[in-house]
Amino acid sequence: RHFSVSSAPFSASAVGFVDEKEREEEERWDFSNNETEAKFVFEDNDGVFADNDMKHLVAPEIEVKELDELPEQWRRSKLAWLCKELPAHKAGTLVRILNAQRKWLKQEDATYLAVHCMRIRENETGFRVYKWMMQQHWYRFDFALATKLADYMGKERKFTKCREIFDDIINQGRVPSESTFHILIVAYLSTPVQGCLDEACGIYNRMIQLGGYQPRLSLHNSLFRALLNRPGGSSKYYLKQAEFIFHNLETCGLEIQKEIYTGLIWLHSYQDTVDKERIKLLRKMMRESGMEEGKEVLISILRACSKDGDVEEAERTWIKLLGSNDSIPSQAFVYKMEVYSKVGEITKSLEVFREMKKCLGYTSIASYHKIIEVLCESEQMDLAESFMKELIESGMKPLMPSYIKLTDTYLRLNYHDKLESTFLECLEKCRPNRTIYSIYLSSLVKVGNLGKAEEIFNHMGENVTIGVNAKSCNTILYGYLSSGDNSKAEKIYDLMCQKKFEIESPLMEKLESVLRSSRKEVKKPVSLKLSKEQREILMGLLLGGLRIDSDEERKNHMIRFEFNPSSIPHSILKRHIHDQYHEWLHPSSKLTAGNGDIPHKFNTISHSYFGFYADQFWPKGQPVIPKLIHRWLSPIVLAYWYMYGGYRTSAGDILLKLKGSSEGVKKVVKTLKSKSLNCRVKRKGRVFWIGFLRTDSMWFWKLVEPYVLDDLKDFLKAGSETADDCAVESRDINFDSASDSDEKGSSDYSEGDNP
């Protein structure tokens, strides 16, 4: 007898992502992150979405006997009892009940239990029965059962469990069905959890390359929309994926909607090097398809023209914008100003700035930053200062980008008095910022005021939010060497060796003569070896979820740092971590001259030195808790675990996220209790949450507070209301309710309940 589970309708249209919370003032202005054009605006909100095709997807049918077909009365009775009993229990109890039936339960019986759970929409229970089945000696892989269960998990947006079954199917040497690929992609697109879009792209690519399937039109469109909806202007990094989707639409002969053309042109216009020939071809394809170029396309053309100063094309595009019925957005004026500034026509840039006020009735913050930048580059400082004064009086923010541009220009023109007064004014109105401190430091060294320069340098080093980097160290080192203060130059040299900063070649030549006269041996300034502090920080981050990728032979390993763009604590922590491991970073992850913006994702070089950490924390490409973890839980490790993978609830309790086996979690809890830190444990899916509740959170905070970054203490301090939202994963963690794995009893950690 065949059993087919009907597909419940679900919506994937609400594909949303958590927007990055705006801090009052940014260290660096980036138009793509702060203007409204940073997020693609769809002209058609009624597009086709992937859930519309769910009922058309074909899945294999499950063969299962009904109860009345079983010959033994006792077996029918016991199965009926299990069908009634299992959905009422949590994971630990469910596994214990199934373990008690091991003597008689067989593959067919367990399959019937899982199918019955799906029939009554107890899909979570069905998944637990399926995972229990896999651990039995009689288990035979059932492709139809795995497919149906994966599809149900995906429809309920439980993408982790759906992916787990998906991987099981591949590990059995089978190719998942089209429905499983489709549903898993939609599940990833329907959640705001960080990293899910990348996973969705990976599954989409495998669907075509591994499965040989031709995805439905709705799936292409849903994934393409999700790429363009990325927060914080990060969509531009998905150009290759967007082009791959476009290529598949072409080769499959599917309808290419106007928003696909428009979105692809939009993505191309954001690239550092714009492929104008590709944009030209896409525009030609639009015209051949009978599509008109809308406002979004014209804005993208202006943006592309602003990159290389193509005045003729920009003016043609501007005429089209004026002729359209739509109002001209503020960013169009900014791009036009930039086009004229690229060819040195500053007067025309000023005219565009003033024209904006007449056309729109207001002047945007981006236009103020752009006109001040243009005037500074042309060294018209009186005008730049007047616009800066006007900007301050307007009350708009942030001010920091224009302050940086002004001070940098003053440094170039040797207007050191004006630079100092502007720097002090900036400190009164803006947050501390490394870039502007470095400019002021360069000015002090240039005029020979080394006493004040030393004071500023020390302040930068003491303030973690500002910090020192290779550039600021080289600046102060140049000052000391030029003035003949060799003892202080040696101290800076030692600091640079400690932090593994690279010393500029001209300075190194001067240093060598100084060091030879005072030392027998000259240290090598850069040595790829982790310091004690770096090792402890790394262990804390690994406990918090940091990932290590290894090559096939597991000889070289790469650490992937990933920070949540919607989390203020992560936005603060990422700069500190970037500085801590700067010498290990891959060249693509290092900051370039004039770019002080730390990305939310960066990685180290691939190196054998990380082998120990890969073997301990990621031995088979999956996170585990090391057997010797009890030796490594120092206060600094706990502090970085909390900053990276922990949260403070609205009640002031502290939660730490941990992935691994139940035995490893028990070892961590035992170690914490040995430090007089009482805690509770709850499991949600494949993640364990260690909770320090009420007074216990205060004891934990007292232990880690000395190692928490100063700027994070207000966000993470125990016992007070939080100013930052907890991640989606940490919501609804109730330690007082019955738990999947509560540390009240060891029986909850059953062998069938390992993540």
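Analyst: The account below begins with the helix pair and then turns to the core and the chain.

This is a predicted model, in which local features need pLDDT of at least 70 and side-chain atom pairs count only at pLDDT 80 or more, whereas totals for chains, interfaces and linings use all residues. Residues are numbered from 1 along each chain as its sequence is written, and side-chain values use heavy atoms, with hydrogens and water left out.

Helix H25 spans residues 486-499 and helix H26 residues 505-518; their axes come within 11 Å and cross at roughly 110 degrees. Axes are lines fitted to C-alpha atoms over the stretch in contact, with angles running from 0 to 180 degrees between N-to-C directions. Helices are DSSP runs of H or I with at least four residues, numbered from the N terminus.

H25 contributes Asn486, Glu490 and Tyr493 to the contact, while H26 contributes Met508, Leu511, Val514, Leu515 and Ser518; contact means heavy atoms within 4.5 Å.

Leu511 is also among the residues touched by Leu477, as are Ala489, Ile492, Met496, Ile503 and Leu507, not counting residues up to four places away in sequence. Leu477, with Leu113 and Ile165, has the most contacts inside the largest nonpolar core, of 159 residues. Such a core is a set of buried Ala, Val, Leu, Ile, Met, Phe, Trp, Tyr and Cys residues joined through side-chain atoms within 4.5 Å, where buried means under 20% relative accessible area with a 1.4 Å probe, protein chains only.

Of the 755 residues in the chain, 54% are buried.

Terms used
Helix = DSSP H or I, 4+ residues; strand = E, 2+ residues; numbered from the N terminus. Buried < 20%, exposed > 50% of the residue type's maximum accessible area, 1.4 Å probe, protein only.
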